[in-house]
Amino acid sequence: DVRPQRGAGSPGGGETKSQSLLDAAAVIDGGAPRSPAGRGDRSSESGSEKEGNTLEAGAISRERNRIHARQSRLRRKRLMSSLQEEMEQLEAERARLREQVVQRHGLTHDRLPS
C-alpha cells in the first residue's frame, strides 16, 4: 500500500509509506534518510501516477530484498568464521588431550582410537 499518509517528517503529512521505506532502507544500508525535497501530497493521483506508485513499490521491494540478502550473507560469513575458529580450537584441544593420554598411559599414537 503506497497511499499517502501523514508522516512525522513534514507538518501536515505528505510522506508516503514508500518514501518512508526508502528512508529506512537507506539508514539500514548505512546512509542517511533522503531529504524531504520533492515530497508532495499525492492524494489526487491519476492512472499514470498509480502505475508509477506500483513500479515504485516494486523497486522498494527489490531494494529491501537486496538489503536483507546482504545482511544474510554477512551473518552467514560471521557464523562460518566463528565455526571455523571453534573447530580449530577443538582440534588443538583434542591433540593436546591425546598427547596427555600418550604421556600418562605410555600408549603410542598408533594404539589410540582416531
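# Exercises on a predicted protein model

The protein exposes about 8800 Å², and carbon and sulfur atoms supply 53% of this area; accessible areas come from the Shrake-Rupley method with a 1.4 Å probe, and for residues only the protein chains shown count as cover. The model is predicted: local features need pLDDT of at least 70, side-chain atom pairs count only at pLDDT 80 or more, and totals for chains, interfaces and linings use all residues. Residues are numbered from 1 along each chain as its sequence is written, and side-chain values use heavy atoms, with hydrogens and water left out.

## Exercise 1

Describe the pattern of helices and strands, and state where confidence is lowest and highest.

**Solution.** Step 1: helices (H or I, at least four residues) and strands (E, at least two) are DSSP runs, numbered from the N terminus. Step 2: the protein has 2 helices and 2 strands, and along the sequence they follow the pattern β-β-α-α. Step 3: pLDDT is the predictor's confidence in each residue, from 0 to 100. The average for the protein is 76, and 56% of the residues score at least 70. Step 4: confidence is lowest in strand 1 (residues 4–5), with a mean of 48, and highest in helix 2, with 92. Over residues 1–12 the pLDDT is below 50, yet beyond near neighbours in sequence this stretch has 25 contacts in the model.

## Exercise 2

Determine the surroundings of Val101.

**Solution.** Step 1: Val101 lies in helix 2, which covers residues 47–105. Step 2: buried means under 20% relative accessible area, exposed over 50%, and partly exposed in between (1.4 Å probe, protein chains only). Val101 has a relative accessible area of 32%, and is therefore partly exposed. Across the protein, 14% of the 114 residues count as buried. Step 3: contact means heavy atoms within 4.5 Å. Leaving aside neighbours within four places in sequence, Val101 is in contact with Gly106, Leu107 and Leu112. Step 4: the C-alpha atoms of Val101 and Leu112 are 8.7 Å apart, and the two residues are 11 apart in sequence.

## Exercise 3

Which residue forms a salt bridge with Glu63?

**Solution.** Step 1: a salt bridge is a side-chain nitrogen of Lys or Arg within 4 Å of a carboxyl oxygen of Asp or Glu. Step 2: the structure holds 1 salt bridge. Glu63 forms a salt bridge with Arg66, and the closest N and O atoms are 3.0 Å apart. Step 3: both residues lie in helix 2, 3 residues apart, which is about one turn of the helix. Step 4: Glu63, at 22% relative accessibility, counts as partly exposed. Arg66 also counts as partly exposed, at 44%.
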